[in-house]
Amino acid sequence: MAITFNETTRIFTLTTAHTTYQMQADAQGYLLHLYYGARTAGEMDYLLNYGDRGFSGNPNSAGSDRTYSLDALPQEYPSLGTGDFRNYALNIENADGSQCCNPVYITHEIAAGKYTLKGLPFVRAEENEAETLKIILEDPVTKVELHLLYGVLEKEDIITRSVIIKNAGKAPVTVKKAQSACLDFLHGDYDLIKFYGRHAMERNMERMPVSHESTRIGSRRGTSSHQYNPGVILAGKNTNEDSGSCYGMLFVYSGNFLVEAEKDQYDQTRIQMGLTDELFAYSLEAGAEFTAPEVILSYTNKGLSRLSQQYHHCIMNHICQGKYVHANRPVLINSWEAAYFDFTGDTIVELAKEAKALGIDMVVMDDGWFGKRNDDNSSLGDWYVNEEKLGGTLTKLIERVNAEGVKFGIWIEPEMVSEDSDLYREHPDWAITIPGRKPVRSRNQLVLDFSRKEVRDEIFKRICAVLDQGNVEYIKWDMNRSLADIYAPNVTYDYVLGVYDFLEKLTNRYPDILIEGCSGGGGRFDAGMLYYTPQIWCSDNTDAINRTRIQYGTSFFYPVAAMGSHVSAVPNHQTGRVTSMHTRGVAAMSGTFGYELNPALLNAKEKAEIRAQLAQYREYQELIREGDYYRLSNPFQDNFAAWMVVSDDRSKALVSVIRLTAEANPSAAYVTLKGMEEDAFYREKTTGKVYPGAALMEAGILLPAAVSEYEAYQIALERV
Ligand code: GLA
C-alpha cells in the first residue's frame with residue numbers, strides 16, 4: 001500500500017520506493033505537513049514544535065492554548081485569513097468581501113490508480129501503477145470545499161498534487177489565489193535552483209540561498225515563458241549532482257505560474273508552486289468548482305542527476321503520449337534557417353532531394369506558406385495555402401516531396417492573428433483586447449481568444465482543412481508572443497485550457513502526426529505541452545556552444561527526447577560563431593536531432609560529414625532517447641560541456657564533450673564518467689581501448705589534446 005491512514009493519530013503516509021511523505025489532520029482539524037524525504041517507517045508528529053509566540057495568532061478552535069499557531073506550524077495548504085501570515089496557497093474572497101477561508105479536515109478517500117483532471121494535462125498511470133488520496137477540507141462558514149489530490153507513483157518516486165476548489169455553499173465566492181502544492185520544512189538551510197532566461201537563451205541555471213525574504217518567480221506572460229521555467233529544485237546546501245537531498249517541483253501547465261520560497265521568522269522554509277495570483281481571479285457560483293493544475297513532486301537524497309532521471313522517466317512514461325514517445329523520431333530538415341520566408345514549392349522539393357541524398361527523413365515547411373505571408377507582418381489566421389507561392393496545391397507539393405522518399409511536415413501558429421489578415425478584418429473581436437484600448441502588439445501580431453469556443457472551432461476547422469490536403473506527418477505548433485490585454489481575470493486560465501482543448505482534439509483526430517511544440521523556441525517548454533507534443537523546439541538559438549548551456553538547464557527536468565535540437569549553418573545565424581560540423585552534431589544529438597540549413601550551400605566534405613553524423617546518430621538514437629542521462633560538467637563554470645547516457649543495463653554508454661575555451665599550453669583535461677558498472681570493463685569503440693568501470697568513474701578518461709577551438713568528442717563504450 002503506497003497510501004495509509006492511521007485512524008487513531010489521523011496521520012496519512014504516502015510511500016514510494018525511496019521516499020515518504022506524511023501529514024496529519026490534527027486535533028484542531030488542520031492538515032499539518034509532517035515530513036517529506038527519504039523513506040522511513042514510523043510517524044513523525046514528534047517533529048512538531050509549539051510555543052507561545054508573540055504576534056502569531058491562535059485559531060479560535062485552540063481555545064486558550066497560546067502555543068498553537070498556524071503562523072508557525074507546517075501546513076499542507078495554507079490559506080489566507082487563518083492567522084498564518086506567511087505566503088499562502090489559497091485566497092478566497094467571500095460574498096461579503098472578506099478574504100478568508102479556514103479549511104478543516106472532513107473526510108478522505110484512498111483509491112487504486114491515479115486521479116485524472118478535467119480539461120488539464122496530468123500524470124497518467126495504469127490502475128496498478130499508482131494510488132490516489134483525496135482529502136476533503138471544508139470552511140465551516142462558507143462550505144467551500146478543498147479536495148486535495150495526491151497521486152503516488154510508488155516505483156517512480158513521484159508524488160503529484162492538485163486541488164479542486166468546490167463551492168458547496170449557497171453564496172458565490174471568488175478564488176483569488178489557488179496554488180497547487182506547498183512544502184513546509186521545520187528547519188534547515190536550502191538553495192533554490194531555478195531556470196531563468198530570455199528568447200534564444202532559455203533555462204540558465206541559477207542557484208540561490210532561500211533566505212528571510214519571499215522570493216517570487218513565475219510568469220505573467222500568459223505562457224510558461226522563456227524567462228522562468230515552471231520547474232524548480234529545493235536543494236540542501238551541499239547537494240551536488242551525485243549526492244545530497246533535493247526536492248523537485250514541476251508544474252504541468254503552460255500558462256502563468258508562481259513559485260514562492262521563503263524562510264520564515266523561525267527559520268522554517270516554505271516553498272509553493274501553482275497559478276499566480278496576478279491577472280487572475282475565478283468566480284464560483286454555488287455548486288461550481290475550479291481545478292488547479294498539477295504539480296509533480298519528487299525527492300531523492302542521491303543528488304541532482306538522480307532527481308533529473310526521476311523526472312525524465314516520469315515525463316517519458318506518464319506525461320508524453322502517442323506512438324512517437326519511445327520510437328525513433330524522424331530526422332528532419334526545417335526550412336526556417338534554410339530559407340526563412342523566401343521559398344517556393346520548388347525550394348521545398350529541392351530540400352527534399354538534398355535530404356534524401358543525405359539520409360534525412362523529413363522536410364518541414366516552416367512559416368510562410370499561407371495567406372500572403374512573405375514576412376512576419378501579415379496573414380496569421382488565414383490558414384489557406386498560398387498556391388501561387390508554392391506553385392500548386394499543397395496536395396501536389398506533398399506528393400512531390402513523398403516521391404523523393406521523404407516525409408513532409410508543416411508549421412502552424414493557430415493561436416495568433418495578424419491585423420493584416422482576412423480573419424482579423426472579419427472578426428476583430430476575436431483578438432484578445434481590452435474594450436476601448438488599443439492592444440499591445442508583439443511581432444506585429446495579436447493573440448486569438450482561445451478561451452472562446454467559437455474562435456477555437458473556426459481555427460480548428462481551418463487547420464484541419466490544411467492537414468487533410470495530404471500526407472502530413474509532422475506539425476510544428478508555434479506561439480510567438482506573450483499575452484497582454486487581459487480583459488477579464490478568468491482569461492489567463494481559460495485561454496490555456498482552450499489551447500489544451502484544441503490540442504486534445506487535434507491529437508485525437510491525427511494520432512499518427514508527430515507534433516513538435518514551439519514558442520519562439522523554448523518559450524513554452526513545459527510538462528503541460530509535453531502531454532500533447534512529445535518534443536519541443538528547445539530554443540531559436542542553434543549555436544552549438546550556447547546550446548550546451550540551454551540544453552544543460554533544460555535537462556534538469558526534461559528528457560533529451562523532448563528537446564528539439566538541430567545542426568545549423570555557420571557562421572551561426574544567432575551568434576555569428578563558427579563551429580565544426582562535428583561539434584554542431586554532438587550538440588544536436590543531445591536532442592531529437594535534425595537540420596536547419598540549406599544543404600545546397602554545403603561542399604562535398606560537409607555533406608560527407610552529415611552522412612557520417614547521421615549514421616552515428618542512428619546507431620545511438622535509442623540509447624540517447626532511453627538511457628539514463630548524467631550531466632558531467634557545468635558549462636556555466638567549466639572549460640568543457642560534458643554529459644552522457646547509459647543504458648538501463650549499464651552495458652552501453654555514450655559520452656559527449658564539447659570544449660568551451662581554447663588556451664595555449666593547456667593542462668590535460670579528464671572527464672569523469674557516471675552510472676557505469678564498477679566491476680565491469682568497457683571497450684571504447686573507436687580506439688578499442690578497454691577501461692575499468694570503477695576507474696572511469698573515479699579518475700575518468702583523458703580527452704585528446706585540442707588542436708582547434710570548440711572541439712567535440714563522442715566516446716562510445718561497451719561492456720566487455
Ligand atoms: C519562431 C520559431 C522558429 C520559426 C519562426 C517562424 O521564432 O521558434 O523556429 O518557426 O517562429 O516564424
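Domain bounds in this report come from an automatic or database domain assignment.

## Model and domains

The structure is a predicted model, in which local features need pLDDT of at least 70 and side-chain atom pairs count only at pLDDT 80 or more, while totals for chains, interfaces and linings use all residues. Residues are numbered from 1 along each chain as its sequence is written, and side-chain values use heavy atoms, with hydrogens and water left out.

The chain is divided into domain 1 (3-319), domain 2 (332-626) and domain 3 (640-719). Between the C-alpha centres of domain 1 and domain 2 the distance is 35 Å. Their contact (heavy atoms within 4.5 Å) takes 49 residues from domain 1 and 44 residues from domain 2.

## The interface of domain 1 and domain 2

The size of an interface is often given as the accessible area lost when the parts come together. Buried area here is the accessible area (1.4 Å probe) that two parts lose on being put together, summed over both. For domain 1 and domain 2 this area is about 3,800 Å², and carbon and sulfur atoms give 61% of it. Arg203, Ser254 and Met316 supply 15% of the area that domain 1 buries against domain 2, more than any other three residues.

A salt bridge is a side-chain nitrogen of Lys or Arg within 4 Å of a carboxyl oxygen of Asp or Glu; across this interface the rule finds 0 salt bridges. A polar contact is a pair of N or O atoms within 3.5 Å; within protein, one must be able to donate a hydrogen and the other to accept it, and residues adjacent in sequence count only if both atoms are side-chain atoms. By that rule, 26 residue pairs (both at pLDDT 80 or more) are in polar contact across the interface of domain 1 and domain 2.

Helices (H or I, at least four residues) and strands (E, at least two) are DSSP runs, numbered from the N terminus. Among the elements that each supply at least two residues of the side of domain 1 that touches domain 2 are strand 12 (201-209), strand 19 (289-300) and helix 1 (304-319). Helix 1 gives the most, with 7 residues. This side of domain 1 divides into 27 nonpolar, 16 polar and 6 charged residues. In this count Ala, Val, Leu, Ile, Met, Phe, Trp, Tyr, Cys and Pro are nonpolar, Asp, Glu, Lys and Arg are charged, and the others, Gly among them, are polar.

By the salt-bridge rule the count comes to 48 salt bridges. In one of them, the side chains of Arg270 and Asp84 meet at 3.0 Å, N to O. Arg270 lies in strand 17 (residues 269-274) and Asp84 in the loop between strand 4 (31-38) and strand 5 (90-93), 186 residues apart.

Tyr88 is also placed in the loop between strand 4 and strand 5. Tyr88 and Arg270 are 182 residues apart in sequence and 9.5 Å apart in space, C-alpha to C-alpha. Leaving aside neighbours within four places in sequence, the contacts of Tyr88 include Pro78, Lys177, Glu260 and Gln272.

## Backbone details

The peptide bond from Val570 to Pro571 is cis, with omega near -10 degrees. Pro571 is in the loop between strand 29 (567-568) and helix 11 (581-588).
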